Amino acid sequence: MRYPVDDEHAYHQVRSGSLWVWRVRSTAQIPVEKDLSFPGLQQIVQIYRHKTHKRTGAISEETHLAVTNLSPTQADAATLALISRNHWAIENKLHHKRDSVLAEDACRTRKAAQALAALRNLLLGFLHQLSRPVLRSVRSFSVQPMLLFRWLNGCI
């Protein structure tokens with residue numbers, strides 16, 4: 001971070017065979033410059049992510065900058081880290097499954113896109129409610145579509 005750091009928070013998590021380390025740094029010492037003329041700007045936040053794949057040793061790093069209207073008394077670096085993590089909760093829980101399992105981003109349908117999205121949501125909702133493994137279920141339904149019809153008939 002180019003500006004002096006007022007607060008810093010670091011945390012880590014092991015998931016999907018990788019060690020993730022986050023470091024969130026914030027500053028409220030904002031110089032008066034044209035480039036930083038955001039209305040209500042209180043803090044500049046730097047979010048650094050370091051990921052090490054445990055098996056291969058592959059490393060990836062990312063640094064993101066954010067601005068907020070929350071003052072340091074309203075949100076310290078730990079709170080800003082939590083806000084950042086919660087921001088991605090929907091993407092990680094729903095949209096990631098819709099894309100990785102159901103290949104939603106690869107779909108080029110334009111006229112029936114909302115109808116397909118509704119059907120995908122319905123399928124994921126059924127699978128989650130019945131505690132079925134999503135990827136395994138979708139793969140078996142793709143190979144044997146009649147299983148899906150029998151399963152849906154039993155659910156309704």
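Biologist: Across which strands does helix 1 lie?

Modeller: In this predicted model, helix 1 (residues 77–87) lies across strand 1, strand 2 (18–27), strand 3 and strand 4. Helix 1 runs at about 40 degrees to strand 1. Helices (H or I, at least four residues) and strands (E, at least two) are DSSP runs, numbered from the N terminus; contact means heavy atoms within 4.5 Å; axes are lines fitted to C-alpha atoms, for helices over the stretch in contact, with angles from 0 to 180 degrees between N-to-C directions.

Biologist: In what order do the four strands of the open sheet stand?

Modeller: Strands of a sheet pair through backbone hydrogen bonds, either parallel or antiparallel. Here the order is 1-2-3-4, with antiparallel pairing (at least two DSSP bridges between two strands). Strand 1 (7–15) and strand 4 (59–68) are the edge strands; each has a single partner strand, so one side of each lacks a neighbour in the sheet. From one strand to the next, the twist averages 15 degrees.

Biologist: How many bridges join strand 1 to strand 2?

Modeller: Nine bridges join these antiparallel strands, and glutamine 13 stands opposite tryptophan 20 in strand 2. Strand 1 and strand 2 form a hairpin with two residues between them. In that turn, serine 16 has a positive phi of about 50 degrees.

Biologist: Which residue is the bridge partner of lysine 51 in strand 4?

Modeller: The partner is serine 60. Strand 3 (residues 43–53) and strand 4 run antiparallel, joined by ten bridges.

Biologist: Is alanine 106 buried or exposed?

Modeller: Alanine 106, in the loop between helix 2 (89–100) and helix 3 (113–129), has 54% relative accessibility and therefore counts as exposed (over 50%; buried is under 20%, partly exposed in between; 1.4 Å probe, protein chains only). The C-alpha atoms of alanine 106 and tryptophan 88 are separated by 21 Å.

Biologist: Which conventions apply to the model?

Modeller: Residues are numbered from 1 along each chain as its sequence is written, and side-chain values use heavy atoms, leaving out hydrogens and water. Local features need pLDDT of at least 70 and side-chain atom pairs count only at pLDDT 80 or more, whereas totals for chains, interfaces and linings use all residues.
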